[in-house]
Structures are given as C-alpha cells and as structure tokens.
Amino acid sequence: MVRVLLLGGHGKVALHMTKLLAAHDHKISSVIRNPDHAIEISDQYPENRSLIEPVVASIEETDEEGAKELMKGVEWVIWSAGAGGKGGPERTKAVDEIAAKRFIKAALLAPSVTKFLMISASSSRRSPASYWTDSDRVAFKKTWDSIGVYSEAKTVADEYLYNESRKSSKPIWVDICLRPGSLSDSHGTGKVDLGKAKLVGSVPREDVAAVAVELLEKETGGGLWVDLIGGSEPISSAVERVVSQRITSRE
C-alpha cells in the first residue's frame, strides 16, 4: 500500500485515478474544494471506502505551510488540479502555475515523498515537437492562440517541475510529466500512443488515468516526460516501452 495525495480530486481524470489506485490497494487522500463532493469521492471504490479519504481544502488558497502539512506521510503526489477556465486569466495563473509550483516545492521538501506526477497537456511546451506533422504544428498554434494563458501557465509549472527536480538532492525522487492531447469522455479503449506522440486526435480520460497509475507504479528511474493520445498499443506495453527504453518527449 502506498499513500497518495491526489490534488484536484473531483476532476474527471482524478475520479478515474481514485478508482484505480484504490483497486490496487493504495491509500488516497483526495483534495477537493467542495465538501459536497466528499461522498462521491468515497463512492469511487465502494468495496473498501476506507482507502479513500476526502480532504477539503482550497488548492488555490493553501499556503506553503499548508502544502507541507498535506505532504506528511505521503509517498506519491499527483497534480490533477486546474482552474478549468473558471475565474478568468488571473485564476488560471493562480491555480495552474502558482499553486502548482507551491505544491511541487512542498513535495520536494517532504522527506516521505518519492514520486510526483503532473497531469499536464500536449500544448505545454514552448515550440512544436520535432516529431510532429504539419497538422500537429497547426493545431499547436491554434491552441496557443485560443488558450494561451492556460498553455503558458502549464508550461511554466512543467518547467519548474523539471528544473527543481534536477536541482534536488533527494536520494529518491521521480518526476513524471504526462501530457495528454484533447480529452474525451468516451469509454477507455485501453490502447494509446505514448511517448513521442502526435498532437492531433483525442484520448479518453479513463485511458489517461490508467496510463498515469501505471507510470507511477512502474517508473523507478529519474523521471519521465511523455505525450499521450489515443492509439493502437495496449497501455501496459506502452508504459513498459517508455520506461524500459527511457523515451522522452521533452526537447
């Protein structure tokens, strides 16, 4: 059993992750803003509700000391939070960048935390990937033109995770940045394109959650940065491939 802190616990991807983590006998502290969502969080795994602990807290308003407090006894941290386009550009920056950096810092300082997984976005990069097609590059530009504030905030947070992880002297630390493309609510197919993936297309949130959990459980090296979209490779073999071959989408 691993103790997991899940930030942004009521998000759609987070709900899928909660169910999977509990099914694998991990203990989840799921941070939610609205106490009315607590029952829904616990109901994600009715077979053993004791594995899921809803924690009511505002990620946006939690200060550094509060973030450190939430890390006590935690081994894995998952960032699946976001402003979700609510509250304008100021709130997007406050949650997706500033709060994310605050919790990354707290995780790095916490003696018990060994892994940090960021649910990011395929647009979270300064320039198009070298392995993308022309269609991918056009889609990338359209994304930054339409939701540039969000893309900038996510990119800054991702860069902070990478840079601070490289500076850290923690004896055991794994940083994972999972950058899925357009998300859908379709049922998961169990098949993906993971690693140096294309941008155009979509991926079910259920599959994003499955990939995230498997990456956390299998990655023991210095960290992984991978893109994700729907594809044809089974999730288990895709994760095994990127972990064993140390494939990275970070350029």
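Me: How are H1 and H7 oriented to each other?
Reply: This is a predicted model, in which local features need pLDDT of at least 70, side-chain atom pairs count only at pLDDT 80 or more, and totals for chains, interfaces and linings use all residues. H1 and helix H7 (residues 205-218) pack with their axes 8 Å apart, at an angle of about 50° (axes are lines fitted to C-alpha atoms, for helices over the stretch in contact, and angles run from 0 to 180 degrees between N-to-C directions). Angles under 35 degrees count as roughly parallel, over 145 as roughly antiparallel, 65 to 115 as roughly perpendicular and the rest as oblique. H1 and H7 are therefore oblique.

Me: Which residues of H7 does H1 meet?
Reply: Residues are numbered from 1 along each chain as its sequence is written, and side-chain values use heavy atoms, without hydrogens and water. From H1 come Lys12, Val13, His16, Met17, Leu20 and Leu21, where contact means heavy atoms within 4.5 Å. Their partners in H7 are Arg205, Glu206, Val208, Ala209, Ala210, Ala212 and Val213.

Me: How many nonpolar residues does the contact of H1 with H7 have?
Reply: Ala, Val, Leu, Ile, Met, Phe, Trp, Tyr, Cys and Pro count as nonpolar, Asp, Glu, Lys and Arg as charged, and the others, Gly among them, as polar. This contact has one polar and three charged residues, and its nonpolar residues number nine.

Me: How are H5 and H6 oriented to each other?
Reply: The axes of helix H5 (residues 134-146) and H6 come within 5 Å. They cross at roughly 100°. H5 and H6 are therefore roughly perpendicular.

Me: Which residues of H6 take part in the contact with H5?
Reply: On the H5 side stand Thr143, Trp144 and Ser146. By class, the contact has one nonpolar, five polar and one charged residues. H6 brings in Gly148, Ser151, Glu152 and Thr155.

Me: How does H4 lie relative to H6?
Reply: The two helices pack with their axes 9 Å apart, at an angle of about 10°. That angle makes H4, relative to H6, roughly parallel.

Me: How many charged residues does the contact of H4 with H6 have?
Reply: Among the residues that meet are Lys93 and Asp96 in H4 and Lys154 and Glu164 in H6. The contact also holds 11 nonpolar and two polar residues, while the charged ones number seven.

Me: Which element gives the most to the lining of the largest pocket?
Reply: A pocket is an open set of points on a 1 Å grid over the protein atoms alone, where a 1.4 Å probe fits, with protein on both sides within 12 Å along at least five of seven lines; lining residues have an atom within 4 Å of a point. The lining here has 46 residues, and helix H1 (12-23) and strand E2 (27-32) are among the elements that give two or more (helices, H or I with at least four residues, and strands, E with at least two, are DSSP runs numbered from the N terminus). With six residues, the biggest giver is H4.

Me: What is the volume of the second largest pocket?
Reply: Of its 14 lining residues, Ser124, Arg125, Arg126, Arg179 and Glu251 are the closest to its centre. Its volume is about 230 Å³.

Notes. Points joined across faces, edges and corners; volume = space filled by probe spheres on them.
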